[in-house]
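My entries follow in the order in which I made them.

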Amino acid sequence: MGQTYDFAKIEEKWLKRWNEKGVFTTNLKEKNKPKFYNLCMFPYPSAAMLHVGHAYTYSGTDAYGRFKRHLGLNVFQPMGFDAFGIHGENFAIKVNRHPSDVLEENVKNFKSQMDKLGVMFDWSHTVNTSYPDYYKWTQWIFVQLYKNGLVERKSAQVNWCPSCKTVLADEQVIQGRCERCSTLTEKKEMLQWFFKITDYAQRLLDNYDTIDWPQKAVALQKNWIGKSEGAVISFDLQNENGEVIPENLEVFTTRPDTIFGVTFIVISTKHSLIKRVSSKAYEDVISFIKESESQTAVENQKNKAGVFTGIYAKNPLSEDKVPVYVANYVLNDYGTGALMGVPAHDLRDYEFAKKYEIDIKPVIASDGKEIPFEDEGVLIKSEAYDGMESSTARDKIIKDLKKKKKGYEHTTYKLRDWLISRQRYWGPPIPIVYCDDCGPVVVEDLPVFLPNVEDFKPKGDGKSPLANIESFINTTCPKCGGKARRETDVLDNFVDSSWYFLRYPSVGIEDKPFDPSLTKKWLPVDVYIGGLEHAVLHLLYARFIVMALHDIGYLDFEEPFTKLRANGLIIKDGAKMSKSKGNVINPDDYLKAYGADVLRTYLLFIAPFSEGGDFSDRNIVGIVRFLEKVWQMRALTGKAKKTTVSFDQLYEFTKKITEDIESLRYNTAISALMEYITWINKHAQEIASKDMVTIKENFLVMISVFAPFISEEIWEEMGHSEFIIDANWPELVEVTKKEVDIPIQINGKVRSTIKAKIDIDEEQIVKIALNDEIVKKYITGRYKKIVYVKNKILNIIL
């Protein structure tokens with residue numbers, strides 16, 4: 001069955017009417033309805049058109065927003081564009097056009113496609129991160145953090161992408177590669193600007209109990225923050241001749257209970273102890289460091305290596321003397337930049353010890369299990385601590401180290417400060433000037449405009465293209481009025497997106513980034529929908545920025561997104577989409593062939609929204625047939641003078657559809673809608689005309705969250721002057737069950753199922769069961785016993 005309705009004509013009609021009447025424009029000052037801020041992640045306009053993944057996310061977000069509006073909430077569902085940053089700039093370079101021109105075109109294309117989907121975005125509150133009226137406030141946030149001690153300029157070893165020609169935050173490096181272009185990154189020592197997100201590491205962990213987020217998103221962030229609790233232990237040092245070195249080596253460990261198993265120590269290639277390397281080992285150490293620094297972090301972690309420094313460390317408890325190595329896998333900015341090697345109880349240490357023929361000393365009883373034994377247990381060969389459980393020994397060892405002034409409890413985090421400098425053109429200039437007399441001075445006369453530059457491509461010299469524009473660089477110091485030079489790096493595009501949700505309600509307000517009264521009314525976001533790939537980038541940064549603005553006094557909440565829901569990934573015919581495979585889905589092709597209702601409904605039907613699914617051209621016809629049934633439902637009028645069929649089943653369908661949409665289980669909600677319309681067609685002869693009208697109206701309201709165009713058209717045909725989006729959700733009726741299906745087991749195996757009255761007693765159910773034709777086949781004589789669980793199950797034991 002094909003489509004007998006003209007979907008293109010219907011879509012054109014309703015898009016025009018919705019736009020003319022401002023149907024999707026939210027009255028943000030509405031007082032009579034509860035607010036609901038429904039938001040999905042805004043896109044990078046770094047392609048000419050949207051792909052089907054965008055259509056998937058927007059359809060799912062819109063279904064939820066429409067559902068909440070039908071429930072009587074004042075739904076605010078804005079959309080904007082994350083236009084600044086490396087994604088858009090790289091696209092502009094690829095097509096050899098200026099980003100300000102090509103991205104403006106992309107934005108128009110994106111918006112047109114979104115409208116064609118029938119998504120109820122409120123375009124009166126849109127943002128574009130590359131517009132001065134937006135990035136003025138991005139710069140303002142930098143200023144506020146700077147004035148409150150949360151911004152720092154420091155020299156650091158940073159990740160450098162030789163393809164993108166800019167530094168990257170740690171979060172933007174995935175397995176040693178640039179998250180944008182997949183090029184292997186390098187390490188460079190550079191003077192950069194950082195946001196001090198590490199000050200909020202524990203707060204970021206503590207707040208998970210206050211938000212409703214998927215466990216996977218929380219786990220990803222917790223792992224990235226990487227809290228480790230343990231102890232810092234101080235080792236005395238001496239050289240190969242036994243001479244004391246006048247400094248101590250501090251080592252962080254999460255397993256102080258294994259201190260008697262230490263047979264070596266490793267330090268990072270940047271550790272301050274390198275200057276103490278013996279003259280005998282110096283050349284080998286320097287050569288090793290140079291070789292290590294020429295490799296990527298991933299390569300160093302994979303090919304663990306080290307070289308002896310000529311230094312020995314003295315165990316503060318056992319007084320054993322152990323060698324100190326410089327190793328390529330030790331991170332200088334984690335813990336103390338030094339690790340104690342316990343090869344009997346750590347796999348990495350074991351592999352290192354085997355490679356360099358270092359002693360292996362078990363100090364935890366392994367109960368016959370292979371070395372390395374990494375679990376906790378009972379201490380052995382640990383002098384006074386023998387026989388203690390690891391947890392007891394850990395506390396006692398730390399206590400004893402404290403007494404000897406050789407250790408203390410310590411908590412560390414893997415999280416590093418957020419590197420926000422970018423040596424690119426397309427971004428908000430960092431609002432800092434450098435004055436010979438005053439030093440770095442923050443600029444509060446905002447915005448610092450990004451100049452329109454023809455030659456915007458990065459040169460790869462570690463400098464932004466802005467560094468070549470004297471008219472931009474040369475300025476006056478806002479503090480003393482003397483000559484000054486502007487900072488030429490721009491802000492990371494994740495700074496732009498870290499606060500955009502705060503701006504939406506206040507779009508059009510020119511004197512502040514977010515109006516206090518509107519922000520208090522509408523924030524935090526009620527539900528935020530997007531991909532989990534942003535868990536340790538955008539989502540973590542947004543949480544930090546909101547916490548910081550809260551502490552400074554601008555916000556009265558700490559978490560930006562009360563509820564987070566992640567959508568899955570759409571694949572094509574079993575494979576991930578890519579241009580090389582020729583299987584990229586352009587939603588426009590399907591909008592032209594089938595219309596928005598079919599595409600929206602099919603995308604949300606193929607699999608659970610949180611998992612994503614396999615897009616198949618063969619299977620989309622099932623949704624075409626379903627919506628054709630919806631269209632043909634117009635002719636159903638109800639034939640009976642009086643309804644003679646129970647509506648209990650419809651009430652059950654309505655309850656399931658409502659619960660499933662509330663939980664974003666769209667695929668099962670659509671399945672229930674299919675059953676609903678099948679039931680209507682089956683029982684049309686038993687339904688009175690008046691009741692049929694109500695049934696059809698209820699169905700249309702529910703299907704409209706997925707297929708708004710066809711629903712709106714039929715709704716109007718039924719005589720309604722108001723838009724269907726303003727109709728109330730069907731009332732939920734609690735159905736009192738009169739019958740129940742009871743499985744009949746014989747010796748524990750289900751052999752039959754019988755329908756019986758609710759709360760039927762045992763004598764009656766046994767009589768019915770024994771007369772069941774299927775049961776009779778299994779019972780040829782007497783049975784031993786019958787077990788009946790009321791309304792649940794009957795088990796006959798032979």
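**Entry 1: D82**

I looked up D82 and found it buried, because its relative accessibility is 4% and the cut-off for buried is under 20%. I note that this is a predicted model. I placed D82 in the loop that runs between β2 (74–76) and α3 (86–94). I then listed its contacts, leaving aside neighbours within four places in sequence: F42, P43, Y44, P45, T129, N493, D496 and S497.

**Entry 2: T412**

I checked T412 next and located it in strand β14 (residues 407–413). Is T412 buried or exposed? I read a relative accessible area of 9%, so T412 is buried. With neighbours within four places in sequence left aside, I found T412 in contact with G226, K227, S228, F252, Y334 and G335.

**Entry 3: α20 with α2**

I turned to helix α2 (residues 52–70) and helix α20 (residues 648–662), whose axes come within 10 Å and cross at roughly 125 degrees. That angle makes α2 oblique to α20. I recorded the crossing of α2 and α20 as left-handed. Which residues of α2 and α20 meet? From α2 I noted Y64, F67 and K68, and from α20 T658, I661 and E662. I sorted the residues of this contact into 3 nonpolar, 1 polar and 2 charged.

**Entry 4: α20 with α21**

I followed α20 to helix α21 (residues 666–683) and found that their axes come within 8 Å and cross at roughly 160 degrees. The two helices are therefore roughly antiparallel to each other, since the class begins over 145 degrees. I recorded the crossing of α20 and α21 as left-handed. On the α20 side I listed Q649, L650, F653, T654, K656, I657, D660 and I661. On the α21 side I listed Y666, T668, A669, A672, L673, E675, Y676 and W679. I counted the residues of this contact as 10 nonpolar, 3 polar and 3 charged. I noted that I661 of α20 takes part in the contact with α2 and in the contact with α21.

**Entry 5: the sheet with β28**

I looked up an open sheet of 4 strands, which I read in the order β27-β26-β29-β28 with mixed pairing. Which strands stand at the edges? I found β27 (749–757) and β28 (785–789) there, each with a single partner strand, so one side of each is left without a neighbour in the sheet. Neighbouring strands of this sheet are turned by 20 degrees against each other on average, direction ignored.

**Entry 6: β28 and β29**

I traced β28 to strand β29 (residues 793–797) and found the two paired in the antiparallel sense over 5 bridges. I noted Y788 opposite L794 in β29, and V789 opposite I793 in β29. I then looked at the hairpin of β28 and β29, which has 3 residues between the strands. In this hairpin N791 takes a positive phi near 65 degrees.

I listed I786 and Y788 on the covered face, and K785, V787 and V789 on the uncovered one. I reminded myself that side chains in a regular strand alternate between the two faces of the sheet.

Definitions and conventions: Residues are numbered from 1 along each chain as its sequence is written. This is a predicted model: local features need pLDDT of at least 70, side-chain atom pairs count only at pLDDT 80 or more; totals for chains, interfaces and linings use all residues. Side-chain values use heavy atoms; hydrogens and water are left out. Axes are lines fitted to C-alpha atoms, for helices over the stretch in contact, and angles run from 0 to 180 degrees between N-to-C directions. Angles under 35 degrees count as roughly parallel, over 145 as roughly antiparallel, 65 to 115 as roughly perpendicular and the rest as oblique. A crossing is left-handed if the near helix is turned anticlockwise from the far one by less than a right angle, and right-handed if clockwise. Contact means heavy atoms within 4.5 Å. Ala, Val, Leu, Ile, Met, Phe, Trp, Tyr, Cys and Pro count as nonpolar, Asp, Glu, Lys and Arg as charged, and the others, Gly among them, as polar. Two strands pair if DSSP finds at least two bridges between them. Buried means under 20% relative accessible area, exposed over 50%, partly exposed in between (1.4 Å probe, protein chains only).
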